[in-house]
Structures are given as C-alpha cells and as structure tokens.
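Here is a short report for a first look at a protein chain and its ligand. Please keep the sequence and the 3D view open while reading.

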Amino acid sequence: MSFDPAALRRQFPLLAGDPELHYLDNAATAQLPQAVLDALVAHETHARANVQRGSYPLAEGATEAYERARESVRRFLNAGRADEVVFTSGTTAAINVFAHAFGARLAAGDEIVITRAEHHSNFVPWQLLRERRGAALRVLPLAGDGRIDLARLAEAVTARCRLIAITHASNVTGALTDLAAVVSAARAVGARVLVDGAQAAQHGPLDVQRLGVDAYAFSGHKCFGPNGVGVLWVRRELLESLPPVFAGGGMVGRVSLEETTFADAPARFEAGTPPIAQAVGLAAALEWMLSLPWAEIRAHEERLARRLLAALAGMDDVAILGPRETRERLPIVAFNLRGIHSHDLTQVLGDGGVCLRGGHHCAQPLHAAFGVEASVRASFALYNDDADIDALIAGLAAARRTLR
Ligand code: PLP
C-alpha cells in the first residue's frame, strides 16, 4: 500500500470536514478514522452486552469481541501472548496499576530509577510509592542536548534498583529513549523495566519482545482509538506474580465470608465492567495502524519535523526545547517565542485554526531543567502535511504582530 497523506486525512471526518483546521496537538490526542467510528457504532448497535458474565449469545459475542481486542493489542505490540495484555482506562491508569502491584513487594531502601523527562503520569506514582513503601527514587538528569542522560545509568542503577520506569519518548522534546541501553543496565542488577509508551505508540506498531522490556503502557486515544481505554502489557512470568490492585467483580475466583481467591491474570487486574466498546474501538484502530506502510509514514513525519525545526532555528526569537535534529525523535517540537506567553500564543494561533498545546504539558520537572515554566508544542501525526506547517509559520508571524 502506498502512502498519501491527503487520502489518509480524508479518512478522518473531523479533519476532512474542515480544510482550514490545522490539528497539531496529536501528542495530546489523535483524531478518529472512519474505520474506528464504524467499529464503535457497530459494536454498540449490534453487540452491546457485558463481558465474562452472561451465557446468552449476545453476551458471549461481546466477550469474544473483547478477547479478540486483546489479540489485536498483542499483534500491535508483537507480544508473546494475548493474556499478557491488561485493559485499563489509559496510560495513567496502567502505570498506577503497575506501581501498586509491583510496589506491593518493595521494601524500604529498594530503589526505582525514573528520569527528569517523564510525564507526571510516570513521575508522581513513584513519588507516592516512595511514601507508601519507603522506596528510594533516583532521577536520571537530562544531558546538554535535552535528551535523557543515559551516560549516568551506571551510576543511577545500583544493586538496590528494582525497577527503571522510563518514557519511550518525551511528550515535550520528542526525544526517543535508547531502551536497549536501559534494559541492559536493568538486567545487570536484576531490575525490571516499565516503559511509558504513550507517545511512541502513535507512530507505528511496536515489538516489546525485541525491545526486551518487562512492561509497556499506552493509551487508546493517542493511537487513533477511543478515550477511556489503555493498555498495560506485562511479560507473563512477571504479571502472574503480581497481586491485584482494584477489587470487585470479574477479578475473583471464589469469595466467602472468610477469604477470597483471585482469578488469573489478566482478569485479576480488570475489576468491574471493563471499557468494552472502547477496547473494540482500540482494536479497530490498531488493526488499521497495522495495515499502514510505516516506513513511508515515518519518513513523512520526519520530513515535517525537519522542516519545522529548520524554520524555527532560523527565527532569532525562538528557543527550541531539546534536540534540534530529527535523529531518534518523534515529530514533536516544543519551543518558546521570546516575550510571549505560551497560552497567549496558542490562543492567537487557535483563533487562526492552528491547534497547538501551550503550558507545561504535565512535565514540570522537564521544563524546570530548561529553566522555563511552559512551552508551546506542535506534534504531528500521519495526516499532517506541509499546509499545516505553512499555517503555523504564518500564525507565528501574526502572533508577533498581535502580541508584541
Ligand atoms: N505519558 C506520556 C509520555 C504522555 O504524553 C501522556 C499524555 O499526554 C501520558 C503519559 C498520560 O496519558 P493518558 O492521559 O492518556 O493517561
């Protein structure tokens, strides 16, 4: 299949219906293609029932669709087994579930390594765990180029390290993490690796077996799927050993007045009615992604990022946060325009149809490392094109006139 961004854009009703809309906030959430909308409507229209409970055909069909969705996630992640996939409400929930389950067996003095580049979702749960369990946190700093300083891994990962929780890609700088280096540092001391894949998953199918990590979290809504669903993938041998976090229906074996036994994973981690239609919609999104030519899409996204980085580098009132080159990065570019607040800038751009995010992007420790409170972020997905960059550059010129 050859790749034509304009044809792809036509598959997205919200974008196709408004040629003047320049949606460059894909790191916050991606739009929904018709295939996913169709799958959601079809499920809710013809197959809606609760799962894992009823024995009538409609309920059995819903359960089958939900379990097929697990298999689609397995394919997208190239995981070994579908029963390694836990559905959650998103990346944040996935990381919190893992922090509670994995954290339950940590002792005072055990260490967790995180980084200064983390989204608050992969930062604050570990601070809370530090308070609950007395675990120690070690935070890898940023290097001069704004990437995570992996040269400091050897020093940060001590014999007391139990877990490295690290982002696959920064939601601010777009910098990708060299996970091979992280995994090898963890293995040297018998520690585990949890990866926050919220950003990376939007840019093509993954291979958790090749990455060699132990756990991987991502959100449906950033991968052209619905809100309210996400994934916690955990290597089977580790998942089986983890205790439940939330308790309720669907996660038990037998409940008596005296005691409760628990279901096997993944049901053990999916208490209550799960996000059923959302999981079906996510599966449609991931199957849709699996059908696309990713080498061409990545080249296209990289070209867009290169063009924007070059344009911004040529403006003497712009400061880019993080790497200025496209090597090992996602098409996410954060910057500041001297003397203009990020919220004022995104408002003026927004009035012109250019949708960018302003603020700290839930990454305050990272912004503090750059000596700023906030930034403006442009993030590209596969349906963006040069017209979006033209509109952004024209919008920056207009904002300078209006706001200075
Ligand atoms: N981690 C990263 C790197 C993110 O960019 C985000 C969302 O922006 C999250 C975690 C949290 O994702 P969600 O809000 O879907 O739970």
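The text below covers the domains, their interface, the salt bridges and the ligand site.

This is a predicted model, in which local features need pLDDT of at least 70, side-chain atom pairs count only at pLDDT 80 or more, and totals for chains, interfaces and linings use all residues. Residues are numbered from 1 along each chain as its sequence is written, and side-chain values use heavy atoms, with hydrogens and water left out.

Domain 1 brings 36 residues to the contact and domain 2 brings 28 residues. Contact here means heavy atoms within 4.5 Å.

**The interface**

About 2600 Å² is buried between domain 1 and domain 2, and carbon and sulfur atoms give 63% of it. Buried area is the accessible area (1.4 Å probe) that two parts lose on being put together, summed over both. Within domain 1, Trp294, Leu330 and Leu366 lose the most area to domain 2. Together they make up 25% of what that side buries.

One salt bridge is found across the interface of domain 1 and domain 2. A salt bridge is a side-chain nitrogen of Lys or Arg within 4 Å of a carboxyl oxygen of Asp or Glu. Arg147 pairs with Glu325 in a salt bridge, with 3.3 Å between the closest N and O atoms.

**Salt bridges**

The rule counts 27 salt bridges. One of them joins the side chains of Asp25 and Arg377 at 3.4 Å, N to O. Asp25 sits in the loop between strand 1 (22–23) and helix 3 (34–46), and Arg377 in strand 15, so the pair ties together parts that are 352 residues apart in sequence. Helices (H or I, at least four residues) and strands (E, at least two) are DSSP runs, numbered from the N terminus.

**The ligand site**

There are 13 residues around the ligand, and Thr92, Asp196, Ser219, His221 and Lys222 come nearest. A residue counts as near if one of its heavy atoms lies within 4 Å of the molecule.

| Residue | Atom of the residue | Distance |
|---|---|---|
| Thr91 | polar backbone atom | 3.4 Å |
| His119 | side-chain N or O atom | 3.5 Å |
| Gln199 | polar side-chain atom | 2.7 Å |

Key: Polar contact = N/O pair within 3.5 Å; in protein donor to acceptor, adjacent residues only side chain to side chain.
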